[in-house]
Amino acid sequence: SDNAGGIAEMAELGEDVREKTDALDAAGNTTAAIGKGFAIGSAALVALALFGAFVTRCQNSENKVLQNISLLEPLLFAGLIIGAMLPYAFSAMTMKAVGTAALEMVEFVREDIRSKPGMLDPNSPLMPDYDGCIRIATKASLKQMVGPGCLVMITPIVFGIFLGPETLSGLLAGAIVSGVQMATSAANTGGAWDNAKKYIEAGLMTDKDGNVLGKGTNEHKAAVTGDTVGDPLKDTSG
């Protein structure tokens, strides 16, 4: 439904079509948030099972099985705090990657328009460079995700080798608990920001005097800013 709305806008279809696609998109955002809740819950249970297997099978430096995990252990507590920070660092890196790729694509489109005068004319034979936009998106999706991928894969290895299994168990526990809450918040918050913009664009928001606060108002500009952050928050980080 989101793609249908974009196609309807680019094809300059009537406002009635856009209103219907916006309503479907708003319902789709809510449905996606609910579906992501099930995905987050199942991922948390799988992570908990793997963590239990790790604690049961792993041995410390004295060849003792890690059956009793206590927060009074300083290394474990330190790992717990750092592990709770990892989902936030991952989210920040992925959202920054989306912003970087989007800015690069905007600059590419601007340069394409400047290099082809008259391209925006409906009867112009000039065609936009679609392949260039696809190239930027594909390159960014691979290049920009190297950092977040290394963060997730290398951090447990480094902690396990240099600080021991106790610290690693705290790191994993902190990442699981913090990650579940971060994912739930990101999925719901991003969808709410997206729907807030559609709510204003539909003309449903009014001030205390009953005046409709639609497109072009400060409220709409703020909602657009929120949606710009909310989309990568729910679709990439969440």
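## Contact of H6 with H7

In this predicted model, helix H6 contributes Ala-186, Ala-187, Thr-189, Gly-190, Gly-191, Trp-193, Asp-194, Lys-197, Ile-200 and Glu-201 to its contact with helix H7. The H7 side of the contact consists of Glu-219, His-220, Ala-223, Val-224, Gly-226, Asp-227, Val-229, Gly-230, Asp-231, Leu-233 and Lys-234. Divided by class, the residues of this contact are 8 nonpolar, 6 polar and 7 charged.

H7 spans residues 218–237, and its axis comes within 8 Å of that of H6, with a crossing angle of roughly 150°. Angles over 145 degrees count as roughly antiparallel, so H6 is roughly antiparallel to H7. The crossing of the two helices is left-handed.

## Asp-194 in H6

Asp-194 is located in helix H6. Its relative accessibility is 2%, and because buried means under 20%, Asp-194 counts as buried. Residues up to four places away in sequence aside, Asp-194 touches Asn-29, Asp-227, Asp-231 and Lys-234. Asp-227, Asp-231 and Lys-234 are also among the H7 residues that meet H6.

## Contact of H5 with H6

H6, which covers residues 164–201, also packs against helix H5, residues 146–162. The axes of H5 and H6 are 6 Å apart, and the angle between them is about 150°; the two helices are therefore roughly antiparallel to each other. On the H5 side, the contact is made by Thr-155, Pro-156, Phe-159, Gly-160 and Phe-162. Gly-164, Pro-165, Thr-167, Leu-168 and Leu-171 make it on the H6 side. This contact has 6 nonpolar and 4 polar residues, and no charged ones.

Thr-167 has its place in helix H6. With a relative accessible area of 2%, Thr-167 is buried. Neighbours within four places in sequence aside, Thr-167 is in contact with Leu-75, Leu-76, Gly-79 and Phe-159.

## The largest nonpolar core

The largest nonpolar core comprises 5 residues, namely Leu-86, Leu-151, Phe-159, Leu-168 and Leu-171. H5 and H6 each supply at least two residues of this core. Phe-159, Leu-168 and Leu-171 also take part in the contact of H5 with H6.

Leu-168, one of the core residues, touches Phe-54, Pro-156, Phe-159 and Gly-160 when residues up to four places away in sequence are not counted.

## Contact of H3 with H4

Helix H3 is formed by residues 74–115, and its axis comes within 10 Å of the axis of H4, crossing at roughly 165°. H3 is therefore roughly antiparallel to H4. The crossing of H3 and H4 is right-handed.

H3 takes part in this contact through Ala-101, Glu-104, Met-105, Phe-108 and Val-109. The partners in H4 are Gly-132, Cys-133, Ile-136, Ala-137 and Ala-140. The residues of the contact divide into 8 nonpolar, 1 polar and 1 charged.

## Leu-142 in H4

Leu-142 belongs to helix H4, which runs over residues 130–143. Is Leu-142 buried or exposed? Its relative accessible area is 62%, and because exposed means over 50%, Leu-142 is exposed. Between Leu-142 and Ile-113 there are 29 residues of separation in sequence and 27 Å in space, C-alpha to C-alpha.

Definitions and conventions
Residues are numbered from 1 along each chain as its sequence is written. This is a predicted model: local features need pLDDT of at least 70, side-chain atom pairs count only at pLDDT 80 or more; totals for chains, interfaces and linings use all residues. Side-chain values use heavy atoms; hydrogens and water are left out. Axes are lines fitted to C-alpha atoms, for helices over the stretch in contact, and angles run from 0 to 180 degrees between N-to-C directions. Helices (H or I, at least four residues) and strands (E, at least two) are DSSP runs, numbered from the N terminus. Angles under 35 degrees count as roughly parallel, over 145 as roughly antiparallel, 65 to 115 as roughly perpendicular and the rest as oblique. Contact means heavy atoms within 4.5 Å. Ala, Val, Leu, Ile, Met, Phe, Trp, Tyr, Cys and Pro count as nonpolar, Asp, Glu, Lys and Arg as charged, and the others, Gly among them, as polar. Buried means under 20% relative accessible area, exposed over 50%, partly exposed in between (1.4 Å probe, protein chains only). A nonpolar core is a set of buried Ala, Val, Leu, Ile, Met, Phe, Trp, Tyr and Cys residues joined through side-chain atoms within 4.5 Å. A crossing is left-handed if the near helix is turned anticlockwise from the far one by less than a right angle, and right-handed if clockwise.
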